[in-house]
Structure formats: C-alpha cells, structure tokens
Amino acid sequence: MKTPLRSDILVNLNRADLIQFNDELVRPDYILVPDEDCRRDDIVMECTVNGQSVDFTVEDFVNAESLDDGGYLVKHRGVVRFLQVASIH
C-alpha cells in the first residue's frame with residue numbers, strides 16, 4: 001500500500017532531531033519514515049515524555065491537522081512539532 005501520509009509530514013519525520021509534544025521538548029526514541037509497505041497501525045514515532053512512552057502511528061499523522069505555525073494537531077493527543085538542531089559555523 002502506498003503510504004497515505006502527506007509529503008510535508010514525511011519530510012519533517014525524516015529531518016526531526018527534536019520533537020515538541022504539547023509543551024515538552026524531547027528527543028525522539030524512535031522514528032520510522034513510512035514506505036509503501038507501511039500500514040495505518042504501524043508506529044512511526046516513539047518518544048518519552050515525563051517518564052512515559054508516547055507513540056504515534058501512521059493513522060495519527062494521516063488525520064493530523066496542519067497548524068499555521070508549522071505544527072500538527074494530532075487528534076486525541078495534542079500538538080506535535082518537528083524540530084531540527086541548527087549548527088553555527
């Protein structure tokens with residue numbers, strides 16, 4: 001099956017160094033950039049927030065609403081932002 005995720009989410013998943021989940025900034029424990037073999041219930045991201053493991057499936061991001069500030073509102077979860085660490089030379 002072709003992955004049902006929008007290209008902006010796929011790019012952000014691929015580039016994410018940090019995740020802002022609601023008001024917490026965390027480094028993801030696991031990220032999988034989905035391919036054509038992924039199913040909607042496959043886990044694409046795991047992170048630890050306040051000592052608790054939080055995982056997101058393809059389905060979570062398929063139904064996510066894009067926000068004006070670049071974040072995504074994930075139904076029944078909250079706001080997720082994919083962040084990159086900048087290097088200054």
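These legends walk through several close-up views of one predicted model. Residues are numbered from 1 along each chain as its sequence is written. In this predicted model, local features need pLDDT of at least 70, side-chain atom pairs count only at pLDDT 80 or more, and totals for chains, interfaces and linings use all residues, while side-chain values use heavy atoms, with hydrogens and water left out.

**View 1. An open sheet of 5 strands runs in the order β2-β1-β8-β7-β6.**
Helices (H or I, at least four residues) and strands (E, at least two) are DSSP runs, numbered from the N terminus. Two strands count as paired if DSSP finds at least two bridges between them, and the pairing in this sheet is antiparallel. At the edges stand β2 (24-26) and β6 (65-66), each with a single partner strand, so one side of each has no neighbour in the sheet. Strands of a sheet pair through backbone hydrogen bonds, either parallel or antiparallel. Strand β1 (residues 18-21) is joined to β2 by 3 bridges, and one place to look is Ile19, whose bridge partner in β2 is Val26. β1 is also joined to β8, by 4 antiparallel bridges.

**View 2. β7 and β8 form a hairpin with 3 residues between the strands.**
The two strands pair in the antiparallel sense over 3 bridges. Val74 has Gly78 as its bridge partner in β8. Look for His76 in this hairpin, where it takes a positive phi near 65 degrees.

**View 3. A second hairpin is formed by β4 and β5.**
Strand β4 (residues 43-49) pairs with strand β3 (residues 30-31) in the antiparallel sense over 2 bridges; here Tyr30 stands opposite Glu46 in β4. β4 is also joined to strand β5 (residues 52-57), by 6 antiparallel bridges. Val49 has Gln52 as its bridge partner in β5. The hairpin has 2 residues between its strands, and Asn50 in the turn has a positive phi of about 55 degrees.

**View 4. Phe21, Phe56, Phe61, Tyr72 and Phe82 form one aromatic cluster.**
Rings of Phe, Tyr and Trp (its six-membered ring) pair if their centres lie within 6.5 Å; planes under 30 degrees apart count as stacked, over 60 as edge-to-face and the rest as tilted. The structure holds 4 aromatic pairs. In the pair of Phe21 and Phe56, the ring centres are 5.4 Å apart and the planes stand at 80 degrees, so the pair is edge-to-face. Phe21 lies in strand β1 and Phe56 in strand β5, so this pair ties together parts that are 35 residues apart in sequence. Buried means under 20% relative accessible area, exposed over 50%, and partly exposed in between (1.4 Å probe, protein chains only). Phe21 is buried at 9%, and Phe56 is buried at 0%. Arg77 lies over the face of Phe56, at 4.8 Å from the ring centre; a charge sits over a ring if NZ of Lys or CZ of Arg is within 6 Å of the ring centre and within 35 degrees of the ring normal.

**View 5. The largest nonpolar core has 22 residues.**
A nonpolar core is a set of buried Ala, Val, Leu, Ile, Met, Phe, Trp, Tyr and Cys residues joined through side-chain atoms within 4.5 Å. Met45, Phe56, Phe61, Val80 and Phe82 touch the most other members. Two or more residues come from each of α1 (7-15), β1, β4, β5, α2 (58-62), β7 (72-74) and β8, and β4 gives the largest share, 4 residues. Not counting residues up to four places away in sequence, Phe82 touches residues including Asn12, Leu13, Met45 and Tyr72.

**View 6. Strand β8 is mostly covered, with 5 of its 6 residues buried.**
Leu83 belongs to this strand (residues 78-83), and at 28% relative accessibility Leu83 counts as partly exposed. Leu83 is the bridge partner of Leu18. The side chains of Arg81 and Asp69 are joined by a polar contact of 2.4 Å. Such a contact is a pair of N or O atoms within 3.5 Å; within protein, one must be able to donate a hydrogen and the other to accept it, and residues adjacent in sequence count only if both atoms are side-chain atoms.

Technical notes
Contact means heavy atoms within 4.5 Å.
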